[in-house]
Amino acid sequence: MAIGPRLDLRHTQSLVMTPQLRQAIQLLQFTNAEVSQFIEDELLKNPLLERVEPEADAALPVPRNDAASTEKPTGDIGAEHVVDPDPSGASTPLDVDFSNVYDAGGVGDGTGSGLSPERDDWIGQIADRPPGLRESLDQQARLAFADPVRRRIAFALIMALDPAGRLADPPEQIAERLAVAPDMLEAVRQTMMRFDPTGMFARDLAECLAVQLDERNRLDPAMRALLANLELLARRDLRSLMEICGVDAEDLRDMITEIRRLNPKPGATFDVTPMTPLIPDVLMRPGPDGDYFLELNPETMPRVLIRRGFHAQIVARASRETRQFLSERVQSANWLVRALESRAETILRVAGEIVRHQDAFFRHGIGFLRPLTLREIAAALEIHESTVSRVTSNKVIATPRGIFEMKFFFTTALAGANGESHSAEAVRHRISTLIEGEAANRILSDDALARMLQKEGIDIARRTVAKYREALRIPGSAQRKREKGLLAGG
């Protein structure tokens, strides 16, 4: 057989992901905050893009040619107007020309001062930064100790705090490092334990709680005994605690309630990063005929438009390189507008299909939550399953029953009678309801719960009941029997 070079033609298929396609996929799975940040970055890179603020919507002129508007009935998805990449200006009503609008340079009233009359008090607009933990303690220490030695000890104790507000090192070790008498350091520490918040500078949790109880005049001998045996409380050994504290079940219940009102980590109340408010992506409201209306949250709908007038002014007297740059920017802007519209439309479609599948949940409660998978939504909408996964990731919907992540509505199925399936989340809720309603003298075991659910048409095994109960952090039947028996005085 002769060996030599030859030419062959082969037909192959491959998926090529362009940069625009990759960015479109990223936009689909971005949260509303990430989308806003992405648009801000695009605005910095593309001079032909402009963001439309919600309060400025009413002031925008409306083009006379309605046929050119891309406004959709679902709301303002991305931009009201789309520009054709051709810079010739054939489609004139695609953007708004602000070239004939007078701009005096002000932000509010056009006075040219840069500040409206309501905003000229710029000092008052600076928010006061709340003091941090160590800053607050420093101020209290300066007022509490006039002696420079005790004040230095106080500052050393402040630096030895852990995030919970307790000392990271033993007081004896701190005194040795400072070369001071342990009695002096202990006196300073005892005073500082009364600082605000109370309970700081404690050696351990028991001492932290004891100081707070003493301030409330609730540190009696029985409570001291309870604090000395917190490990029994963690194990829920209530009978042993009753014997050690010398109290009955009702008194022990009151003591435990009092402890739960205390702050075990007083230092954690400071230096806390502000929580980001949960802004829903989709708003759901009931209609007059029992139906539901879905719309995108206006606060999360980024609106951008293309500065058509600015582009026409620049391209007329621009060089070849500048025209090439502007052409690329126009194409990028068009892609961004289409990507935002596609993202919003896909989110609404997926949310609508979820609501249709879980209609019984919205009408009757969590006990009627149906099992649902990503594949079912994808098949109903004729899109890929990965698209549904990206849409539902980190997306939130506000419903008449509360605010839920879209992933909440996707649960596994448990077989039932007559071929009917039940949602695992609904079964967990049913188990929790049965346990809450059990009597103190008739505690339901996992076997009993499994039999009761099987009578209701849910095919479930005892080990599955035990797994769901542990996921709900509900103790076993023996522990519940002991607790309810003691707390009921039995």
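Before the first stop, a word on contact: two residues touch when they have heavy atoms within 4.5 Å. Helices (H or I, at least four residues) and strands (E, at least two) are DSSP runs, numbered from the N terminus. This is a predicted model, in which local features need pLDDT of at least 70 and side-chain atom pairs count only at pLDDT 80 or more, while totals for chains, interfaces and linings use all residues. Residues are numbered from 1 along each chain as its sequence is written, and side-chain values use heavy atoms, with hydrogens and water left out.

**The whole chain**

Start with everything in cartoon view: the chain has 20 helices and eight strands. Of its 490 residues, 39% count as buried; here buried means under 20% relative accessible area, exposed over 50%, and partly exposed in between (1.4 Å probe, protein chains only). Among contacts between residues at least 6 apart in sequence, 61% join residues at least 24 apart.

**Helix H4**

Now select residues 148-159, which form helix H4. Its 12 residues reach 17 Å from the first C-alpha to the last, close to the 16 Å expected; the expected span is 1.5 Å times one less than the number of residues. Show side chains for Ile-153, Ala-154, Leu-157 and Ile-158, the buried residues of H4. They cover an arc of only 140° around the axis, which puts them on the same side of H4; the arc is that of the directions from the helix axis to the C-beta atoms. On the other side of H4, look for Arg-152 and Met-159, which are exposed.

What covers the buried residues of H4? Colour helix H3 (133-144), helix H5 (171-178) and helix H6 (182-192), which are included in that cover.

**Phe-201**

Next, pick Phe-201, in the loop between H6 and helix H7 (205-215). Phe-201 counts as buried because its relative accessibility is 0%. Leaving out residues up to four places away in sequence, its contacts include Leu-157 and Ile-158, as well as Leu-137, Arg-189 and Phe-195.

**Strand E3 and Leu-294**

Move on to strand E3 (residues 292-296) and centre on Leu-294. Leu-294 counts as partly exposed because its relative accessibility is 27%. Beyond residues up to four places away in sequence, Leu-294 touches Val-282, Leu-283, Met-284, Leu-348, Ala-351, Gly-352, Val-355 and Ile-397. From Leu-294 to Ala-398 is 9.6 Å, C-alpha to C-alpha, although they are 104 residues apart in sequence.

**The largest cavity**

A cavity is a set of points on a 1 Å grid over the protein atoms alone where a 1.4 Å probe fits but cannot get out, and lining residues have an atom within 4 Å of a point. There are two cavities of 30 Å³ or more, and the largest has a volume of about 100 Å³. To find the largest cavity, select Leu-296, Thr-300, Met-301, Arg-343 and Ala-344, the closest to its centre of the 10 residues that line it. Helix H13 (residues 320-357) gives the most to this lining, with four residues.

**Helix H18**

Finish at helix H18 (residues 446-455), whose buried residues are Asp-446, Ala-448, Leu-449, Ala-450 and Leu-453. They pack against helix H17 (424-436) and helix H19 (462-471).

Conventions: 1 Å grid on protein atoms, 1.4 Å probe; cavity = no way out; pocket = protein on both sides within 12 Å on 5 of 7 lines; lining within 4 Å. Points joined across faces, edges and corners; volume = space filled by probe spheres on them.
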